[in-house]
Amino acid sequence: ESLIAKTETAVASLPQQSPPPSEALPNSALVKVLRSAETAAKANGDTVTALDSLFKALLNDASVKKVLKSQGGAPSSAILDAINSSRPSKPLTSKAAEGTFEALQQYGTDLTQLAADGKLPPVIGRDEEIRRCIR
């Protein structure tokens, strides 16, 4: 069974109210997770709460830990390692900052780094071949 199916099963087992209330307010568990995420963001030097801080806070929540353990999810330590490895090295200071860090590594190929590592074929002395490719 996929993680999505397991998540949908876990959500379906939660209590429901019919008819739904006209206004949904966060419960104490959600408020606790959001405060924990804000604390994690401040510990990272961030001025905004990014997704990595929210995921870390969720992993510390007892109900999430229970679901991960009972559904055979990845260990929390492995998830934390993945979150930390994808985190930008600089603090996030604006709402859009999360998407601006490490854009080259996420969406492109760093040709300068490949050349420095000797992983690009040499182009010196291949002027005629390069001109043919450009045409």
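The exercises below walk through a predicted model, each with a worked solution.

Before you start: residues are numbered from 1 along each chain as its sequence is written. In this predicted model, local features need pLDDT of at least 70, side-chain atom pairs count only at pLDDT 80 or more, and totals for chains, interfaces and linings use all residues, while side-chain values use heavy atoms, with hydrogens and water left out.

**Exercise 1. The overall picture**

Task: Find how many helices and strands the chain has, and what share of its residues is buried.

Solution: 
- Start with the secondary structure, where helices (H or I, at least four residues) and strands (E, at least two) are DSSP runs, numbered from the N terminus. The chain has nine helices and zero strands.
- Next, take burial: buried means under 20% relative accessible area, exposed over 50%, and partly exposed in between (1.4 Å probe, protein chains only). Of the 135 residues in the chain, 15% are buried.
- Finish with the surface, using the Shrake-Rupley method with a 1.4 Å probe, where for residues only the protein chains shown count as cover. The accessible surface is about 10,700 Å², and 58% of that belongs to carbon and sulfur atoms.

**Exercise 2. The partners of α3**

Task: Work out how α3 is oriented relative to α4 and to α5.

Solution: 
- Axes are lines fitted to C-alpha atoms, for helices over the stretch in contact, and angles run from 0 to 180 degrees between N-to-C directions. Angles under 35 degrees count as roughly parallel, over 145 as roughly antiparallel, 65 to 115 as roughly perpendicular and the rest as oblique.
- For helix α4 (residues 62-70), the axes are 5 Å apart and the angle with α3 is about 75°. α3 and α4 are therefore roughly perpendicular. Leu 58, Leu 59 and Asn 60 of α3 make this contact with Ala 62, Val 64, Lys 65 and Leu 68 of α4.
- For helix α5 (residues 76-86), the axes come within 10 Å of α3 and cross at roughly 170°. So α3 is roughly antiparallel to α5. Here Asp 52, Phe 55, Lys 56 and Leu 59 in α3 meet Ser 76, Ile 79, Leu 80, Ile 83 and Asn 84 in α5.

**Exercise 3. The salt bridge**

Task: Identify the residues that form the salt bridge, and say where they lie.

Solution: 
- A salt bridge is a side-chain nitrogen of Lys or Arg within 4 Å of a carboxyl oxygen of Asp or Glu. The structure holds one.
- The pair is Glu 38 and Lys 42, whose closest N and O atoms are 3.9 Å apart.
- Both lie in helix α2, four residues apart, about one turn of the helix.
- Glu 38 counts as partly exposed because its relative accessibility is 39%, and Lys 42, at 58%, counts as exposed.

Conventions. Contact means heavy atoms within 4.5 Å.
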